[in-house]
Amino acid sequence: MAAVKEQSIADKLRALHALQQIDSKMDEIGILKGELPIEVSDLEDEITGLKTRSKKLEINVADVEHEINQHNANIKESEGLIVKYEKQLDNVKNNREFDALTKEIELQKLEIQLSQKKIREATVTRDTKKEALDTILAKLGSRSKDADNKKVELSKIIEKTEKEEAKLLKESDKARKEIDERLLTSYDKIRKTYRNGLAVVTVARGACGGCFNRIPPQLIIEIGVMKKIIACEHCGRVLIDEAILEGHEA
Ligand SMILES: [Zn+2]
């Protein structure tokens, strides 16, 4: 058992309240930091996914463009052949040769039409993919910006809170030395029970400052005289009369 000097109940309550204030500040820092790293990592996951999708689409667009170029090259080739065959037509020696060349020219014209049709189809595909890519790139840009901002925010918090946390930890240690072990044990136990980490609360407008249940008038009087430590009968938190804090707040 730590040696604790003789304290009045009021002293004990003040010490408990002081410890609660310090611990609540540490909780606030924990909450601040606790959410940002998750937000940053969620954003980074999303960014990775968007990058993968945009890379895939870029490859798709490039493939379709390659296909279009191929068709254009085929058209050029057919056009070249047509020019060649038409020149040969000027020097045909017989009907058979004429028919063969005319047939070849027709065939090349059909090839051109087929390529043009394929180009039209591929162009629609390419534009659709490009549109999807643009949407993803825009999203990627905005998410990256969000992630950068949050990273800056987080590093600022860490930078700022490192010192504050160290300071609060020292203060908490010091404050704990003023409180006897039995009380500390129940304080820690109640703090762990509640998500907001409040184990010591003030009475506000006749209600518990922790669970907001009504406190019987007789109990409020007892809390006020501070002859013993009184816990809320609903939530178990230590109840304090705001009056004892006056002159002790910063
Ligand atoms: Zn309560």
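Biologist: What share of the contacts with a separation of 6 or more comes from residues 24 or more positions apart?
Modeller: Count a contact when heavy atoms sit within 4.5 Å. Among contacts with a separation of 6 or more in the protein, the share from residues 24 or more positions apart is 73%.

Biologist: What am I looking at, and how are residues numbered?
Modeller: It's a predicted model, where local features need pLDDT of at least 70, side-chain atom pairs count only at pLDDT 80 or more, and totals for chains, interfaces and linings use all residues. Side-chain values use heavy atoms, leaving out hydrogens and water, and residues along each chain, as its sequence is written, are numbered from 1.

Biologist: What is the radius of gyration of the protein?
Modeller: That's taken over C-alpha atoms, and the globule rule is 2.2 Å times the number of residues to the power 0.38. The C-alpha trace spans about 130 × 35 × 30 Å along its principal axes. A compact globule of 250 residues would come out near 18 Å, but this protein has 40 Å.

Biologist: How far apart do the C-alpha centres of domain 1 and domain 2 lie?
Modeller: The bounds come from an automatic or database domain assignment, giving domain 1 (34-161) and domain 2 (182-245). Their C-alpha centres are separated by 69 Å.
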